[in-house]
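User: Before I rely on any labels for this protein, I would like to see each one set against its definition. Please take me through them.

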Amino acid sequence: MQTHNLGYPRIGSHRELKKACEQYWSGKITTSDLLTAGENIRKVNWQFQKDAGIDLIPSNDFSFYDQVLDMSLMVGAIPERYHEVILQKGGNELDLYFAMARGYQQNGLDITAMEMTKWFDTNYHYIVPEFTKNQEFKLFSTKLIKEFTEAKQAGILTKPVLIGPVSYLLLGKEKEGGFERIDLIKNLLPVYLEILKKLDSLHVEYVQFDEPFLAMDLTEKEQNAFTYVYGEIKKAFPSLKVILANYFDCFGANLELALSLPVHTLHLDMVRCPSQLEDILNSGKLKATIKLSLGVIDGRNIWKNDFQNSLSLINKAIDAIGEDRVWIAPSCSLIHSPCDLDLEENTTSLPAEVKQWLAFAKQKIEEVVVLRKLADKDRSVEILEILQQNQQEVGNRKTSTLIHDEHVKNRVASIALGDDQRKNSFSVRQSKQKTALNLPLFPTTTIGSFPQTTEVRSWRARFKKGDLTKVAYEKLLEDETKESILWQEEIGMDVLVHGEFERNDMVEYFGEQLAGFAFTKFGWVQSYGSRCVKPPIIYGDVQRPKPMTVRWSAFAQSLSDKPVKGMLTGPVTILQWSFVRNDQPRSQTCTQIALAIRDEVMDLEKAGIGVIQIDEPAIREGLPLRKADWQNYLEWAVRAFRLSASGVKDETQIHTHMCYSEFNDIIQNIADMDADVITIECSRSQMELLDAFAEFNYPNEIGPGVYDIHSPRVPSKAEMTQLMEKAKAVIPSANLWVNPDCGLKTRHWEETRKALIEMVAAAKELRESVSEPVS
């Protein structure tokens with residue numbers, strides 16, 4: 001019985017990769033320094049897994065930015081606009097790579113970044129491959145070969161990991177009409193075969209192909225592509241042991257296809273879909289040569305494994321097909337888990353009782369090894385003690401008084417019909433809001449946060465350590481807020497924001513003030529590139545003990561006659577961007593959060609805040625992978641948002657924000673949210689995402705983002721005006737706002753100031769150009 005791992009966190013236990021990348025981007029370290037930082041992280045990860053007892057350790061699971069972008073570079077899918085970067089930089093592959101991810105604005109070049117979107121239903125973002133009808137592929141980057149060789153030289157034999165060719169194409173986007181991206185499979189496969197030939201020359205025994213699209217609804221053409229690809233690989237490399245990894249759901253309607261493929265091992269996500277094991281065993285179509293990898297350790301959440309529950313699944317498989325055909329693994333790559341629970345010492349925000357219920361990536365690797373020993377009938381005193389302790393801690397969680405609050409449960413049960421409805425229709429509200437707010441055509445605003453400078457972060461750190469009093473800390477924040485308000489007035493912004501200088505993170509900040517949440521010091525996970533987040537842990541019933549944002553919103557509003565937005569994170573996003581309790585339905589937890597946010601909305605309105613934004617960037621990412629399961633999720637998710645927003649009067653304008661999502665399939669549900677204004681990411685897609693709203697005839701107001709805040713480049717007034725002209729062509733001018741794509745927390749003030757001044761100028765130019773009636 002083998003143990004293996006699908007992927008390990010690449011950020012480093014103390015976010016070493018983030019720090020190295022950001023130093024490189026700012027010119028503080030050399031290319032060699034950055035490459036050495038990556039090498040050090042890889043060696044630590046490989047050695048730990050080897051020492052822990054993992055049989056098959058992954059390589060090529062490391063990435064400086066994103067694994068999908070790595071594949072694009074490997075197969076030479078480099079959009080033409082980046083070719084000049086290679087010429088200007090003397091063939092520096094790393095700078096080309098980062099230009100594709102972040103854009104490029106130097107040496108006389110001004111190149112936009114590639115699109116970014118969510119990785120299935122996670123909070124990880126990937127760089128979307130771009131394909132043309134006559135797309136050519138060629139082997140460009142040999143990173144995979146280098147990392148396998150690097151591990152081998154360190155005395156560790158690894159299994160290289162690649163995104164499978166079918167999933168790679170389906171993750172991408174057609175950049176012109178007249179073809180489907182899956183049509184490119186015969187162009188792409190030769191590059192995969194070339195890389196496999198290089199691996200074969202190095203005597204590689206196992207290769208892991210990640211094909212998560214096997215958990216999605218597939219067309220007949222896409223299913224045929226799987227048959228073609230893995231048949232050709234088998235034909236070219238008959239002795240290669242292919243591990244085909246599917247995760248995040250069952251194979252579903254693709255089960256028969258998966259069982260027919262000529263692979264060595266099928267990996268199953270047994271956390272998301274434990275029932276699939278029985279389906280496979282009872283299908284009568286599992287070939288005697290195929291091994292099953294059981295992903296029984298949750299790679300996406302932080303709860304300790306219930307060994308008895310996992311053993312029952314493992315033993316079922318062993319009884320049916322024999323011990324030598326059963327492998328044990330996490331459910332998916334551990335990049336979605338924090339690195340090491342052992343670092344959480346003396347963490348006051350993480351109660352000891354809660355900590356005993358948790359396992360991070362390091363501990364999950366150890367759980368895999370322990371389960372193998374238990375399944376192997378290892379009955380040593382040490383292993384039996386581990387099993388006994390595990391069952392005691394799992395049992396403690398079920399009976400803990402920390403988890404349940406009857407007041408919260410009763411409030412959820414007493415929600416009445418109509419509690420999630422605004423008093424009047426949008427057309428009535430819009431008229432009242434125009435009178436109350438008196439905004440110009442194409443009103444300008446930002447999404448909420450302003451740059452969190454090193455200075456601002458240092459104040460927060462000193463305050464948490466006790467080196468700064470609360471009075472002194474809040475005075476510094478007040479001064480920073482006042483400066484930002486005055487600057488927004490100076491440049492002519494219409495709806496202001498207070499800047500959120502008091503906030504560490506858009507979810508963590510709220511979780512720290514809600515009952516039922518716990519927090520870590522080092523529980524970082526990668527969101528995109530160097531951006532890491534520290535998700536809260538929802539362990540119990542949720543409620544709001546006291547107001548969370550009113551103090552800062554009311555202070556900011558007192559400084560200006562212009563409206564200042566109250567800024568909140570929505571219930572679905574708080575749910576999605578947290579590690580959520582798994583002992584009750586997610587819908588119930590989301591409803592509890594919605595009631596807490598509703599209380600805050602009402603208090604903001606009472607404090608004189610006339611514009612309130614409830615961000616829901618995660619509502620699209622929460623969709624189940626198969627459309628048949630969408631409706632149930634959308635019903636409770638949309639209801640949760642409406643419940644949080646519906647108590648206000650007509651004159652109070654409710655905004656929401658969504659970013660990096662495809663909206664076409666859920667546009668009716670977005671309309672059902674009934675937000676007065678929605679702001680969306682549109683700049684990287686050149687307003688393509690707006691098409692869904694136009695075709696649907698979306699009735700409410702829209703702010704299509706014109707400034708890509710995930711790139712350091714500063715867009716010009718002309719560029720933003722051109723984007724808004726595209727928006728005007730499909731959306732009534734009276735319903736359009738002008739704003740960035742997302743919050744500006746991660747940007748620097750110099751580029752932010754320049755970009756927002758250009759944005760306000762673009763809005764003024766648009767107002768002058770409009771001649772049609774807008775009432």
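User: Which residues does Gln-513 touch, not counting residues up to four places away in sequence, and what makes them contacts?

Analyst: Gln-513 touches Pro-545, Pro-547 and Met-548, with residues up to four places away in sequence left out; contact means heavy atoms within 4.5 Å. The model is a predicted one, in which local features need pLDDT of at least 70 and side-chain atom pairs count only at pLDDT 80 or more, while totals for chains, interfaces and linings use all residues. Residues are numbered from 1 along each chain as its sequence is written, and side-chain values use heavy atoms, with hydrogens and water left out.

User: Why is Gln-513 called partly exposed?

Analyst: Its relative accessibility is 23%, and buried means under 20% relative accessible area, exposed over 50%, and partly exposed in between, with a 1.4 Å probe and protein chains only. Gln-513 therefore counts as partly exposed.

User: Why does the radius of gyration of the protein agree with a compact globule?

Analyst: The radius is taken over C-alpha atoms, and the globule rule is 2.2 Å times the number of residues to the power 0.38. For 775 residues a compact globule would have a radius near 28 Å, and the protein has 26 Å, so the two agree. Along the principal axes, the C-alpha atoms fill a box of roughly 75 × 65 × 50 Å, and buried residues make up 61% of the 775 residues.

User: What makes a set of residues a nonpolar core, and which members of the largest one touch the most other members?

Analyst: A nonpolar core is a set of buried Ala, Val, Leu, Ile, Met, Phe, Trp, Tyr and Cys residues joined through side-chain atoms within 4.5 Å. The largest has 104 residues, of which Val-75, Tyr-168, Phe-209, Tyr-230 and Leu-294 touch the most other members. Apart from it lies another core, of 100 residues, with Ile-619, Ile-731, Leu-744 and Leu-766 among them.

User: Which residues of helix H1 are buried, and what covers them?

Analyst: In helix H1 (residues 16-25), the buried residues are Leu-17, Lys-18, Ala-20, Cys-21 and Tyr-24. Their cover includes helix H2 (31-52), helix H5 (93-102) and strand E17 (531-533).

Conventions:
Helix = DSSP H or I, 4+ residues; strand = E, 2+ residues; numbered from the N terminus.
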